[in-house]
Amino acid sequence: MSTTSPIKLAIVGVGKIVHDQHVPAITANTDFALVASASRNNTIEGIPGFKSIEEMLAAMPEIEAVSLCMPPQYRHAAAHVALTAGKHVFLEKPPGATLSEVADLEALAAANGVSLFTSWHSRYAPAVQPAKAYLAAHPPINMQVTWKEDVRHWHPNQDWIWQAGGLGVFDPGINALSIVTEILPSLVFLTGATLEFPENRDAPIAAELHFNNAAGVPVHAEFDWRQTGKQSWDIVVGTAQGEVKLSDGGARLWIDGKEQPLEKEAEYPSLYRRFAGLVKSGGSDVDVAPLRHVADAFMLGKRKVVDAFHD
Ligand code: NAP
């Protein structure tokens, strides 16, 4: 049992992911005490709820850390308030709407002596570290990423996701990129992309990406929100010794056709263990590599206008 008192944590932006993942992961972790929430329209049962982060921090100065779970376009403003007030900050993915605003937060966290964590939940999927270890010893020669899902099922009526800064299909696609950037032994960079925008939306519904690196390892990625039926969250890596396949978003791993036994640890409990470690050690973990690839795709990608999308 821990001998230090738990970190007093509050959640800002209460919605789907907070109820599905954050609340269960936090309440199961003795390093944290969930003491409050701030959200314009929603609350969490059993703890005080405030309408804004400013109101919450003024009423409860004892709060030590916040998890920011609102859409990315609104994350920087809340993070700025929290870091300025000397609170440790957990950022849901993606960590912001631009690269520069995350750099601003990184500097602010350092200046205020508090921890900042850009969380990438998919990196904590069970297949990711075993795949990374295998690829460190068996260099990849190519990679195919297929991330296709039904947006109507996973993001019903989420308007923010279709607005500028909401990332569109890169909202799930960035999860794939967070795995790619974790398991590949060398950096890759975008060489070409095509982004498909519904004529009535500001964010893409599909994207095809080509990457390469100095070692000449080609990476091809396809993201599509128009998938119906079975969803595809697969990464297949060719090596001279055989194929490595991560499926179901990294929940399962095959090496050379044989499924590997994995420790089935859930992603969000691992994220909160990492955050507690950062707070206790006074460190930060700020990695924007997945977001940088998305920014590159918006810079380099060709744009194609496709049929309007209606929920
Ligand atoms: P959500 O339910 O649509 O939004 C979360 C909450 O943010 C909303 O309930 C809303 O609460 C608040 N919010 C919405 N618009 C806002 C605005 N304009 N200003 C301030 N707050 C606003 O979204 P979500 O699915 O939980 O996703 C939130 C974040 O978690 C996203 O970055 C997403 O990529 C990430 N994430 C989601 C999932 C998932 O499966 N859904 C998985 C992993 C990560 P109030 O109206 O009460 O303010």
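Author: Buried, for a start, means under 20% relative accessible area, exposed is over 50%, and partly exposed is whatever falls in between (1.4 Å probe, protein chains only). Helices (H or I, at least four residues) and strands (E, at least two) are DSSP runs, numbered from the N terminus. Since you're looking at a predicted model, local features need pLDDT of at least 70 and side-chain atom pairs count only at pLDDT 80 or more, while totals for chains, interfaces and linings use all residues. Residues are numbered from 1 along each chain as its sequence is written, and side-chain values use heavy atoms, with hydrogens and water left out.

Let's zoom in on helix 9, residues 289–300. Its 12 residues reach 16 Å from first C-alpha to last, close to the 16 Å expected at 1.5 Å a residue (the expected span is 1.5 Å times one less than the number of residues). A289, P290, L291, H293, V294 and A297 are its buried residues. What sits over them? The cover includes helix 4 (99–112), helix 7, strand 8 and strand 9, where contact means heavy atoms within 4.5 Å.

Take helix 7 from that list. It has 14 residues and spans 19 Å between its end C-alphas, close to the expected 20 Å. Because 13 of the 14 residues are buried, helix 7 is largely enclosed by the rest of the structure. Another partner of helix 7 (170–183) is helix 5 (128–137): the two pack at about 40 degrees, axes 9 Å apart. That makes the pair oblique. On the helix 5 side, the contact uses V128, Q129, A131, K132 and L135, and on the helix 7 side I179, E182 and I183. By type, those residues split into 5 nonpolar, 1 polar and 2 charged. (Axes are lines fitted to C-alpha atoms, for helices over the stretch in contact, with angles from 0 to 180 degrees between N-to-C directions; under 35 is roughly parallel, over 145 roughly antiparallel, 65 to 115 roughly perpendicular, the rest oblique. Ala, Val, Leu, Ile, Met, Phe, Trp, Tyr, Cys and Pro count as nonpolar, Asp, Glu, Lys and Arg as charged, and the others, Gly among them, as polar.)

On to the strands in the cover. Leaving aside neighbours within four places in sequence, E196 touches P204, I205, A206, R226, K304 and V306.

Strand 9 (206–212) contains N212, which is partly exposed at 26%. With neighbours within four places again left aside, N212 meets V188, F189, T191, V217 and P218. N212 and M143 are 69 residues apart along the chain, and their C-alphas are 10.0 Å apart.

P94 sits between strand 5 (88–91) and helix 4, and the K93 to P94 peptide bond is cis, with omega about -15 degrees. For background, most peptide bonds are trans.
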